[in-house]
Amino acid sequence: MIKNVPPMGWNSWNTFAENINEELILSSADTLIASGLKDAGYEYVVIDDCWALRERSKEGKLVPDPAKFPHGMKYVADYLHARGLKLGMYSCAGLMTCASYPSSYNHEFVDAATFAEWGVDFLKYDYCFKPRSVEGKNLYRRMGLALAGCGRDILFSACSWGADETHTWIGSTGANMWRSTGDIVDTWDSIKELIQKQYTILPYGGVGCFNDMDMLVVGMHGKGHVGLKGCTEEEYRLHFAAWCLLASPLMIGCDIRKMDEATKRILTDPVLIGIQQDPRGVRPYLLKMWENDDLPVFVRALDGGDLAVGFFNLGDAPASLWVTTDDLGIPEIAGLRLVGKAAYTGEELVSKNGVLACDLAAHSCAVYRFRAVKK
Ligand code: GLA
């Protein structure tokens, strides 16, 4: 059965776009294992757009491009499965994929059956070239039905970018996660924008259908397809912390075969992954905003009564933020104080007189896992 936590893995698009092939996919899978990323929870290897031939076979099936995938997709799936990993693939609900390859429009059932035959475990389903005559929700419901009936557990990753009020209908399609925003690029502005877009749509995510804030750019440093300017280490730390605290799926987008130690430390932070993978699956929320929408505080109630609290400074100047334990659901009269461990540094933060406070440099955050203990 598909686990009821937001999935973790690696996706080919952010760095490689159309430059994909079997060697890249298998060597990235090997790296997931050798680097310890698999042990940290990253298990899906997702082949994004551009894997197919431009034409279907005579039988009407999608065909992997033999120049890129000479042994076909079953071979790739078997390789991954033998190593405890899972295969993700990509198709589109519209007339063509976003990069103009064949899509699954009007072929939903045959394609779901083909994916099942190949041993696919995850389908990212895009939204480009939607025909005007059909509603988007209908197209996602079709694929939801096709996957549910295909005889294999295939995680349904909807990718309609929040368009056409996705949040109002996505839960009815059977999707396990939904892209809640447009495409990420490797810049600070993009990260900030995607976080701020969550303020109003967080209430639509959670167990069953997680808000997908898009693939990670951590460690891209301006290289690859969505590389652009790149971000600072501190900005990558904030990016990863926000995705974890807001329970987004975590799909690494950098070339992990070349990742540096700092990138690996961010991607494997145990406090943050523990929050993102929390088995209780309670929906995170925006607790308050300081002064303006650059200073949000997000909270997630965790298994065992713990609380994840994240103070974020998305602004360009230093800021001091605080919340009371009462704000977090623990009134003074309860006689409890909060003792927290910080992501990345492991530093302790303890509530004093019912207040939790922290100072933040520009573009930085502090995320803690708190436990309530008797005073
Ligand atoms: C869209 C998606 C991206 C990626 C590309 C592939 O833009 O949102 O994540 O899959 O298509 O063409």
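1. Serine 104 has contacts (heavy atoms within 4.5 Å) with Arg56, Leu62, Ser91, Cys92, Asp111, Tyr125 and Met143, leaving aside its neighbours within four places in sequence. Serine 104 sits in the loop between β3 (86–92) and α5 (108–118). Helices (H or I, at least four residues) and strands (E, at least two) are DSSP runs, numbered from the N terminus. With a relative accessible area of 0%, serine 104 is buried. Buried means under 20% relative accessible area, exposed over 50%, and partly exposed in between, with a 1.4 Å probe and protein chains only.

2. A word on the source. This is a predicted model, in which local features need pLDDT of at least 70 and side-chain atom pairs count only at pLDDT 80 or more, while totals for chains, interfaces and linings use all residues. Residues are numbered from 1 along each chain as its sequence is written, and side-chain values use heavy atoms, with hydrogens and water left out.

3. The protein as a whole. Its secondary structure comes to 11 helices and 16 strands. The C-alpha trace spans about 75 × 40 × 35 Å along its principal axes. The radius of gyration, taken over C-alpha atoms, is compared with a globule rule of 2.2 Å times the number of residues to the power 0.38. For 375 residues, a compact globule would have a value near 21 Å, and the protein agrees, with 21 Å.

4. Of the 375 residues, 58% count as buried. Among contacts with a separation of 6 or more, 71% come from residues 24 or more positions apart. The accessible surface is about 15000 Å², and 52% of this belongs to carbon and sulfur atoms. Accessible areas come from the Shrake-Rupley method with a 1.4 Å probe; for residues, only the protein chains shown count as cover.

5. Charge. There are 38 positive and 47 negative side chains, and the centres of the two sets lie 4 Å apart. Lys and Arg count as positive and Asp and Glu as negative, while His and the chain ends are not counted. The place of a charge is taken as NZ of Lys, CZ of Arg, CG of Asp or CD of Glu.

6. Helix α4 (residues 72–82). The buried residues of this helix are Gly72, Met73, Val76, Ala77, Tyr79 and Leu80. They pack against α2 (22–34), β2 (44–46), β3 and α5. Glycine 84, with a positive phi near 75°, follows α4.

7. Helix α9 (residues 233–245). From first C-alpha to last, its 13 residues reach 18 Å, close to the 18 Å expected at 1.5 Å a residue; the expected span is 1.5 Å times one less than the number of residues. Because 10 of the 13 residues are buried, α9 is largely enclosed by the rest of the structure. Tyr236, Phe240 and Trp243 are among the buried residues. After α9 comes alanine 247, whose phi is positive, near 60°.

8. Positive phi in loops. Most residues other than glycine have a negative phi. Leucine 228 has a positive phi near 45°. Leucine 228 lies in the loop between β7 (210–212) and α9 and is exposed, at a relative accessible area of 56%. Tyrosine 344 also has a positive phi, near 70°. The loop between β13 (336–342) and β14 (348–350) holds tyrosine 344, which is partly exposed, with a relative accessible area of 28%.

9. Strands β12 and β15. Aspartate 359 is in strand β15 (residues 355–360), and serine 320 is in strand β12 (residues 319–324). Not counting residues up to four places away in sequence, aspartate 359 touches Ala319 and Ser320, and serine 320 touches Cys358 and Asp359. Aspartate 359 counts as exposed at 66% relative accessibility, whereas serine 320 counts as partly exposed at 49%. Proline 318 is 41 residues from aspartate 359 in sequence, with 7.5 Å between their C-alpha atoms. Glutamate 108 is 212 residues from serine 320 along the chain, and their C-alpha atoms are separated by 51 Å.

10. Glycine 144. This residue lies in helix α6 (residues 136–148) and counts as buried at 12% relative accessibility. Glycine 144 touches Phe156 and Thr173, not counting residues up to four places away in sequence. Tryptophan 243 is 99 residues from glycine 144 in sequence and 25 Å away in space, C-alpha to C-alpha.
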